[in-house]
Amino acid sequence: MQKRSVRARMVAVLAATGLLVAGPVAAQAATARAAEAPPLVYVAMGDSYAAGSLVLPAKELFTCARSAVNYPSLIANQVHPATFRDVTCGGATTNHFAQPQPGIITGTAAPQYDALSADTTLVTVGIGGNDIGLVGLAVSCVNLLPQPLGTSCKATNTAGGLDKLAQKIDAFAPTYGTVIEQIRQRAPHAKILMVGYPTGIKKGGCWPAVPVWAADADYLQSALTRLNVRMAEQAQAHGATYVDLATPSIGHDMCKGLATRWIEGLIPNVVTNGLVPLHPNAAGLRNAVPTVMAAAGLTANSKA
């Protein structure tokens, strides 16, 4: 009995000692793993929705109309990347990822792919609206007079039973896959986030506050939704991550009041700090941040 008691006490002492040793060892291992993680090198690519065009203050005005408070910059301010390259540019299409882009007023923007490097660890991409002519579609849907005193953009685009815009979006969709693969070639270790477009207008619209007939408002939003769906499909097919901004922006479309809307209507408002029609205002950019950060696996003040 006495020998067993001594042995039991020895085992207990050894176990306790082991626990005391394991704590520092585990902490050292965690520290080593953190030290091994590469520094965050963040590249932001995309069009005016990502650039936050003319949301003040601007950090670049005449070439790309890039905002200092677009969602990439707000994310960088929170996570403090080792390197941050924001090459988002108003008016950009996917062609401008590989080719220079003439400035909005002056200058020339370098191809956006040029910002990528082998040590890039995070890329956000918001693109496609200009490729399919989204703003032009929205303008064609404007009718200042009530029906039938005007032309329906839905009727125009679906004449003959074929939805020409839907066909255009579907034909464009594989370009998203090409973009992802081109980014991966240049930044093989990067997490690639394909950032979708927010909800633009509520079902049925809000004519005459936003002078788009109800059927055309639904058609306009359906085009935006279709583009997001195709982006999500291509992201999944090519190993990227799709970021849904449409869902969290429901209830904050251009029909809402100044205190609620995240997207500007046809008449932008300085109060909301959104000077480009049919584009995100300051609140829209700010409220994209938590969704994008969650998809990236980032937390505030994180450096990895």
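Analyst: A cavity is a set of grid points where a 1.4 Å probe fits but cannot get out, and its lining residues have an atom within 4 Å of a point. The model shown here is predicted.

User: How many cavities of 30 Å³ or more does the structure hold?

Analyst: There are 2 cavities of 30 Å³ or more. The largest cavity has a volume of about 210 Å³. Its lining comprises 20 residues, of which Y49, L134, A138, L224 and L278 are the closest to its centre. Helices α2 (48-51), α5 (134-140) and α9 each supply at least two residues of that lining. By class, the lining of the largest cavity has 12 nonpolar, 7 polar and 1 charged residues.

User: Which helix gives the most to the lining of the second largest cavity?

Analyst: Helix α10 gives the most to the lining of the second largest cavity, namely 4 residues. Both α2 and α10 (282-296) supply at least two residues each to this lining. The volume of the second largest cavity is about 180 Å³. Among its 18 lining residues, those closest to the centre are P198, L245, P280, G284 and A288. The lining has 13 nonpolar and 5 polar residues, with no charged residues.

User: How should I read the open spaces, and how much space lies in the largest pocket?

Analyst: A pocket is an open set of points, whereas the probe cannot get out of a cavity. In this structure, the largest pocket holds about 200 Å³ of space. It is lined by 16 residues, and T199, Q221, T225, A246 and I250 are the closest to its centre. Helix α9 (residues 214-237) gives the most to this lining, with 5 residues. The classes here are 6 nonpolar, 6 polar and 4 charged residues.

User: Which residues line the second largest pocket?

Analyst: Its lining includes C206, A209, V210, P211 and M254, as well as R261 and I267. The space in the second largest pocket is about 160 Å³. Its lining has 8 nonpolar, 1 polar and 2 charged residues.

User: Finally, at what angle do helices α7 and α9 pack?

Analyst: Angles under 35 degrees count as roughly parallel. Helix α7 (residues 164-172) and α9 pack at an angle of about 15 degrees, and their axes are 10 Å apart. The two helices are therefore roughly parallel to each other. Their crossing is right-handed. At the contact, L165, A166, I169, D170 and F172 in α7 meet Y219, A223, R226, L227 and R230 in α9. That contact has 7 nonpolar, no polar and 3 charged residues.

Key: Residues are numbered from 1 along each chain as its sequence is written. This is a predicted model: local features need pLDDT of at least 70, side-chain atom pairs count only at pLDDT 80 or more; totals for chains, interfaces and linings use all residues. Side-chain values use heavy atoms; hydrogens and water are left out. On a 1 Å grid over the protein atoms alone, a cavity is a set of points where a 1.4 Å probe fits but cannot get out, and a pocket is an open set with protein on both sides within 12 Å along at least five of seven lines; lining residues have an atom within 4 Å of a point. Grid points are joined across faces, edges and corners, and a volume is the space filled by probe spheres set on the points. Ala, Val, Leu, Ile, Met, Phe, Trp, Tyr, Cys and Pro count as nonpolar, Asp, Glu, Lys and Arg as charged, and the others, Gly among them, as polar. Axes are lines fitted to C-alpha atoms, for helices over the stretch in contact, and angles run from 0 to 180 degrees between N-to-C directions. Angles under 35 degrees count as roughly parallel, over 145 as roughly antiparallel, 65 to 115 as roughly perpendicular and the rest as oblique. A crossing is left-handed if the near helix is turned anticlockwise from the far one by less than a right angle, and right-handed if clockwise. Contact means heavy atoms within 4.5 Å.
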